[in-house]
Amino acid sequence: MRTELSVRIIYFWRCFNISKKETLINEEIKCEELRVIAADGTQLGIMPADNAQRLAMEENLDLVLIAAQAKPPVAKIMDYGKYKFDQAKREKEARKNQKVINIKEVQLSLNIDTHDFDTKRNNAVKFLTKGDKVKVSIRFRGREMGHSKYGYDLMERFAEGCSEVASVEKPAKLEGRNMLMFLAPKPVKS
């Protein structure tokens, strides 16, 4: 019975952390004095919050707290709905302009044949020309751990094969039974 009660309390407490903090507007601002900026960007000076609220109401606009940490806090008279719309539009535009870089993996083995090596290299070149990064890995099995030098040679040969379109971002490094190397696409020359 006692554990059931504690689970309910934790669940109830967790619900309150989900809400997101919004900017304070109009009557939500509890500061006594504010540095007020007009809608056109001119500074109106430091004044009590009531006077700033009255000025905003006279212009049919909102009083928005934009810098709560400043001494005194800074508030601006603006159309809050338009401000939120413009902010959402800028965020959407920023997301559209982002470039997502994927990491593709090419796995080699220590005793790979030349044709298989060429196929893996061609796949890596194809990934790199699309703009993706490539993670090249070799897994050492059993007694192959004693011959890590061959793994370094294979990685170096692979990097040379992709050198026209890629540069080595992280050189080959042995981590446990795996050897990893990262290749990044070279910047396109205009």
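The structure is a predicted model, in which local features need pLDDT of at least 70 and side-chain atom pairs count only at pLDDT 80 or more, while totals for chains, interfaces and linings use all residues. Residues are numbered from 1 along each chain as its sequence is written, and side-chain values use heavy atoms, with hydrogens and water left out.

The protein chain contains five helices and eight strands. Helices (H or I, at least four residues) and strands (E, at least two) are DSSP runs, numbered from the N terminus. Along the sequence their order is α-β-β-α-β-β-α-β-α-β-α-β-β. Of the contacts in the protein chain with a separation of 6 or more, 55% are between residues 24 or more positions apart; a contact means heavy atoms within 4.5 Å. The chain has 190 residues, and 27% of them count as buried. Here buried means under 20% relative accessible area, exposed over 50%, and partly exposed in between, with a 1.4 Å probe and protein chains only.

Charged pairs come next. Side chains of opposite charge can pair when their charged atoms come close. The whole structure holds four salt bridges, a salt bridge being a side-chain nitrogen of Lys or Arg within 4 Å of a carboxyl oxygen of Asp or Glu.

One of them joins D118 and R121, at 3.2 Å from N to O. The two residues are three apart in helix α4 (residues 114–129), so about one helical turn separates them. D118 is partly exposed at 32% relative accessible area, and R121 is partly exposed at 21%.

Helix α5 (residues 148–161) holds D153 and K149, four residues apart, about one turn of the helix. Their salt bridge has its closest N and O atoms 3.2 Å apart. D153 is partly exposed, with a relative accessible area of 35%, whereas K149 is exposed at 56%.

Between K133 and E169, the closest N and O atoms of the salt bridge are 2.9 Å apart. K133 belongs to strand β6 (residues 133–139) and E169 to strand β7 (residues 166–175), so this pair ties together parts that are 36 residues apart in sequence. Both ends are partly exposed: K133 has a relative accessibility of 23%, and E169 has a relative accessible area of 41%.

D132 is buried and has no salt bridge, and the nearest side chain of opposite charge, K104, is 4.4 Å away. Leaving aside residues up to four places away in sequence, D132 touches I101, N102, K104, F127 and P185.

The last topic is the pairing of β7. Strands β7 and β8 (residues 178–185) run antiparallel and are joined by seven bridges; two strands pair if DSSP finds at least two bridges between them. Among these bridges is the one that links S167 to A184 in β8. The two strands form a hairpin with two residues between them, and G176 in the turn has a positive phi of about 70°.

Notes:
Lys and Arg count as positive and Asp and Glu as negative; His and the chain ends are not counted.
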